[in-house]
Amino acid sequence: EVALIFSLVVSIFSAILLDNRLAFFIYPLIGSIVAAQGVIRVRLRTTIIKAGSMVGLINVVTIVCLNMVMGHLFTLTTLLDIIFGFFGGLLVGFIVSGITPLVEALFGYTTDIKLLELADLDNPILRDLIVQAPGTYHHSIIAGTLVEAAAEAIGANPLLARVSAYYHDIGKIKKPL
């Protein structure tokens, strides 16, 4: 929801700053909406690259449609716009994929990708839980499965619920009894 509102605001400002033309409102709005939809539930970093590719393709379609409406489809400028539109979307996917870990670290923000790293059962703290309190570990895994299903049923973030359940009794490493 935040991304969609931000997309609308940025698109309005783009149109105002660039000659008050409708094309400069439509182009960033459509690309931003596609990008936001493409990364709703990211499970892999490659999903961000795929979303960037999709934005690139949508940019191409948008550029072709806008240039058809304006009546100058078969020009060198349109060809360059198409090339830059596609590679711009693709490049954004790579940039976001590379910058995400930095933003997570700087601002303490936890993305779904970070949650997947925390859910890895080879995580040292979870391995310690297996050794020190195996019953608690088993309980945490079962609780994770249950809360994941419950979160899906109510529309909450199932990954966040599962990871939270994995770590909810982590203090039992110090005092397992």
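This note sets out numbered points on the predicted model shown above.

1. Basis. The model is predicted, so local features require pLDDT of at least 70 and side-chain atom pairs count only at pLDDT 80 or more, whereas totals for chains, interfaces and linings use all residues. Numbering starts from 1 along each chain as its sequence is written, and side-chain values use heavy atoms, with hydrogens and water left out.

2. Overall architecture. The protein has eight helices and zero strands, in the order α-α-α-α-α-α-α-α from the N terminus. Helices (H or I, at least four residues) and strands (E, at least two) are DSSP runs numbered from the N terminus. The C-alpha trace spans about 75 × 25 × 25 Å along its principal axes.

3. Of the 177 residues, 31% count as buried (under 20% relative accessible area, with exposed over 50% and partly exposed in between; 1.4 Å probe, protein chains only). The protein exposes about 11,200 Å², of which carbon and sulfur atoms supply 73%; the areas come from the Shrake-Rupley method with a 1.4 Å probe, and for residues only the protein chains shown count as cover. Among contacts with a separation of 6 or more, 63% are between residues 24 or more positions apart, a contact being heavy atoms within 4.5 Å.

4. Helix α3. This helix (residues 45–70) has 26 residues and reaches 38 Å from its first C-alpha to its last, close to the expected 38 Å (1.5 Å times one less than its number of residues). Its buried residues include I48, I49, V55, N59 and L66. Their cover includes α2, α4 (76–107) and α5 (112–119). Just after α3, G71 takes a positive phi of about 85°.

5. Salt bridges around E117. The structure holds four salt bridges, each defined as a side-chain nitrogen of Lys or Arg within 4 Å of a carboxyl oxygen of Asp or Glu. E117 meets R45 at 3.4 Å, N to O; this pair links helix α5 to helix α3 across 72 residues. E117 also pairs with K114, with the closest N and O atoms 3.9 Å apart. K114 and E117 are separated by about one helical turn because they are three residues apart in helix α5. The relative accessible area is 40% for E117, 25% for R45 and 32% for K114.

6. The E148–R162 pair. The side chains of E148 and R162 form a salt bridge at 3.3 Å, N to O. The pair joins helix α7 to helix α8 (residues 158–167), the two residues being 14 apart. Both E148 and R162 are buried.

7. S140. This residue lies in helix α7 (residues 134–154) and is buried, at 1% relative accessibility. Beyond neighbours within four places in sequence, S140 contacts L129, A165, Y166, H168 and D169.

8. Nonpolar surface patch. I5, L8, V9, I12, F13, I16, L17 and L18 make a nonpolar surface patch of about 770 Å². Patches are made of residues with over 30% relative accessible area and no salt bridge, like charges being joined within 9 Å and nonpolar side chains (Val, Leu, Ile, Met, Phe, Trp, Tyr) within 5 Å. L18 lies in the loop between α1 (2–17) and α2 (23–38) and is partly exposed, with a relative accessible area of 40%.
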